[in-house]
Every structure is written in C-alpha cells, then in structure tokens.
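Trainee: I am new to this structure. Please show me how to read a few of its features.

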Amino acid sequence: KEQIAHEFALLRVPNRLLGSGSGWTLGAFGCAESHYRLLMHVLSRNLRRALVLEQDAALPMGVAPIMAGDILRSAMREVPYDAEILFVGHCFPRLRERENRWWVAGGACCTHGYVVSYDATLRLLPHLDPLSAPIDEIIRDLCFTAQLACYLLIPDPAEAELPLELPHGIFVQSWQSSAQTATPFP
C-alpha cells in the first residue's frame, strides 16, 4: 500500500479527481496524465493538429507501417472542415453517417489512436481539471453530446488495397490482440 501511495503522490492527476468514471487504476491515472501533458504541449507549441498514439497502439497483422502511413495521409486530405477529434484507432464506436473516408462519430472509447485539433484541445482541457472520469470516457461523452466534432476512420479495404477489414481503424491496442494479430507501431 505504501508503494501505491507513493506512486499516486508522483502523479498530479489524483489531486484533480472529481468522479469515479468506470473505476480508477494506476494505469488510468497515468493515461490521463499523459494525455493532459500532451494536450498542454499542443497548446504551448500552437499545433494545428497532433497525432496521439498510446504506447500500446499496434498495427493489425497484415498492415505494414508504410501502408498505415499511406492510409492516414490519404484520409487526412479529406478531413471534414469541422473535425476536432479524428479517431484512427477506436473501440465501441457510435457511427452516425459517412462523410468521404470518415464517419461522423457520436463517440467512441479507447484513446490509443486519435488526431486532436488545437480548438478541441482548448475545449477538452477544462474537462480534465478536475477529472471526472478516465480520458477515453470524457472524450466519448463530449463527442456524444456534440461538444466536440468527432470522426472515425474505418478504411474501406477495396479503396486502400487492404488484405483485411479494419473495423477499429488503422490502430488496435496491442493488449487486446494476440501476437498473431498485432504488430507494434514503430
């Protein structure tokens, strides 16, 4: 217990907690802190958009890094004008309608792969201090209530010349996949 208390003390997140979300773990605290710091970096560098990949982001088996890069570059040329969160890896999506290569999203869980805009960062940060739930739940709820304009990338296997369907986007979480189905992203 003393080790866990010490690890909590090293993170700034527990001092900003408000709610319980789906349950807090050290991993959820660390994840929220990482996303918070990254979003602060987006603001400090005045970045128009930033690609966020968690350490467990992986490519599905059969998708080479160069193929994933080509799919992402191609899809980014067709980003809807109002896009603030672009899920390129997701789970439990709520799809509304298709717009070019992107689906209008009523939310999605899992934040292992997304593109965030500067404007979304400005609106997202107040929801992270204090924290009311894990980061993926906060983003999901802001998408569901249309406080953020969110889109999902689900590549069409025929358009992208893919050997398989990618229902969860370009990236999957490696802990959800066996060694046969996922390749760590370099």
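**Contacts and cores**

Mentor: Start with Ile 139, which touches Ile 85, Phe 87, Thr 111, Tyr 114 and Leu 124, leaving aside residues up to four places away in sequence. Contact means heavy atoms within 4.5 Å. This is a predicted model: local features need pLDDT of at least 70, side-chain atom pairs count only at pLDDT 80 or more, and totals for chains, interfaces and linings use all residues. Residues are numbered from 1 along each chain as its sequence is written, and side-chain values use heavy atoms, with hydrogens and water left out.

Trainee: Which residues of the largest nonpolar core touch the most other members?

Mentor: In soluble globular proteins, nonpolar side chains tend to be buried together. A nonpolar core is a set of buried Ala, Val, Leu, Ile, Met, Phe, Trp, Tyr and Cys residues joined through side-chain atoms within 4.5 Å. Buried means under 20% relative accessible area, exposed over 50%, partly exposed in between (1.4 Å probe, protein chains only). Here the largest core has 26 residues, and Ile 85, Phe 87, Val 116, Leu 124, Leu 128 and Ile 139 touch the most other members. Helix 5 gives the largest share of this core, five residues. Helices (H or I, at least four residues) and strands (E, at least two) are DSSP runs, numbered from the N terminus.

Trainee: Is His 35 buried or exposed?

Mentor: His 35 counts as buried because its relative accessibility is 3%. His 35 sits in helix 2 (residues 26–44).

Trainee: In what order do the strands of the sheet lie?

Mentor: Strands of a sheet pair through backbone hydrogen bonds, either parallel or antiparallel. Two strands pair if DSSP finds at least two bridges between them. Here six strands form an open sheet, ordered 1-6-3-7-5-4, with mixed pairing.
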